[in-house]
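Subject: Structure handover

Hello,

My notes follow below it.

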Amino acid sequence: MGAVTRLMRPLQAQIDLSALQHNLGVARGHAPQSRTMAVIKANGYGHGMLRVAQALEAAEGFAVLNVEEAVALREAGFNQTILLLEGFFSADELPTLAEYHLASVIHCPEQVEMLEMAGLPVKIDVFLKLNSGMNRLGFRPEAFGAALQRLQTARAVGRVTLMTHFACADEAQGVAAQLDCFNRLAAGLDAPRSLANSAALLRYPEAHGDWVRPGIMLYGSSPFADASAASLDLKPVMTLTSTLIGLQELQAGEAVGYGATFHAEQPTRVGIVACGYADGYPRHAPTGTPVLVNGQRSRTLGRVSMDMLCVDLTGISGAGIGSPVTLWGKGLPVEEVANAAGTLSYELLCALAPRVPVTETHG
Ligand SMILES: Cc1ncc(COP(=O)(O)O)c(C=O)c1O
């Protein structure tokens, strides 16, 4: 059935498993003393959680969002540390955490209390989260010590790792203030530490700690606005390709697409691509968003519709029905498309729609 579907509509996402492994190697090269907790939530940033975990089985741990993802990983046979990045949402989940040996972030006193009240057959490892300045999840510095003490004496709790998350590791502001805060609180405590997302892993060795938590870099995308993925030796994992399924010859003054937002200033050859916002392509991508047609760089024209978008064929040699189109990936970094659309690569990758057929490649 899958092959038949692909024959009927040319859009597909290719996932390069070798690139995933290469990018893990890059992460390890930057943080050779740390264990790697590969962040594979949001369906492996849109790449398929189990597929990604399989390719990254050399990682010592996987970070996911919820118990369902974690259980799916265990049931697929992964024995690594599995961390719930927001922890459990209710005490009802604790027996499952114990049964499947899942580690949990602990970010609020209510979770500590649930652990204190729990009677569990095995202890649960926890990552105690310090709010070092991001002000999203975690204990404020003045409450951190008390939370740690409670966890250390709770019968249901096994190993405690100290953790924080950076708000600006990818920006000029960097991690200094948050790192100082974390180091002050962790000083003298004999516990493993986990701080670094991709940006901190790449730029701040002093923040590596015992467990790094790379996400976006594993998928071959740069976390930085001022550094390309290629300059960081990262290889794109997802390549979204389609073909031209229609052609239009616009006369000067004619418009294309919903809302007639693009008007041709001169006679313009337009290609219609089988890819739209229902596939995960951003509807807010404006005219001028980069795209490859026949391997040549071009731009989108007018509004993205549900199942199609329009591209400029001016200067594209040999373009016709069936010509290959790359929406992002090899040859066109997803960051460039995201940037044109006013968003981040994270959002585009995660938004890949389930209706898009996926094929796996190896290089
Ligand atoms: C707590 C935590 N750690 C690590 C990551 C990975 O971040 P990145 O994809 O920027 O490497 C995330 C991603 O959202 C996260 O929430």
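Is strand 17 (residues 324-328) mostly covered or mostly uncovered? Strand 17 is mostly covered, with four of its five residues buried. Buried means 20 or more other C-beta atoms within 10 Å of the residue's own; exposed means 12 or fewer, partly exposed is in between, and C-beta atoms are placed from the backbone. Strands (E, at least two residues) and helices (H or I, at least four) are DSSP runs, numbered from the N terminus.

Before the rest, two points on the source. This is a predicted model: local features need pLDDT of at least 70, side-chain atom pairs count only at pLDDT 80 or more, and totals for chains, interfaces and linings use all residues. Residues are numbered from 1 along each chain as its sequence is written.

Strand pairing

Strand 17 runs antiparallel to strand 10 (residues 238-250), joined by four bridges. Pairing takes at least two DSSP bridges between two strands. In this pair, S242 stands opposite V325 of strand 17. Strand 14 (residues 290-293) is also antiparallel to strand 17, with two bridges. There, L292 faces T326 of strand 17.

Ligand shell

The ligand is surrounded by V39, L85, H165, N197, S198, A199, R213, P214, G215, I216 and P223. The cut-off is a C-beta atom, placed from the backbone, within 6 Å of the molecule. The shell divides into six nonpolar, four polar and one charged residue. Nonpolar covers Ala, Val, Leu, Ile, Met, Phe, Trp, Tyr, Cys and Pro; charged covers Asp, Glu, Lys and Arg; the others, Gly among them, count as polar.

Helix 8

In helix 8 (residues 141-153), F144, A147, L148 and L151 are buried. They cover an arc of only 105° around the axis, so they sit on the same side of helix 8. The arc is taken over the directions from the helix axis to the C-beta atoms. E142, G145, A146, Q149 and T153 are exposed on the other side. The buried residues pack against strand 5 (103-106), helix 7 (109-117), strand 6 (124-130), strand 7 (157-164) and helix 9 (176-186). Contact here means C-beta atoms, placed from the backbone, within 7 Å.

Helix 5

In helix 5 (residues 67-75), V67, E69, A70 and L73 are buried. Their arc is only 160° around the axis, which puts them on the same side of helix 5. The face turned away from that buried side carries the exposed residues E68 and E75. Just after helix 5, G77 has a positive phi of about 100°.

Best regards

Definitions and conventions: Two residues are in contact if their C-beta atoms, placed from the backbone, lie within 7 Å.
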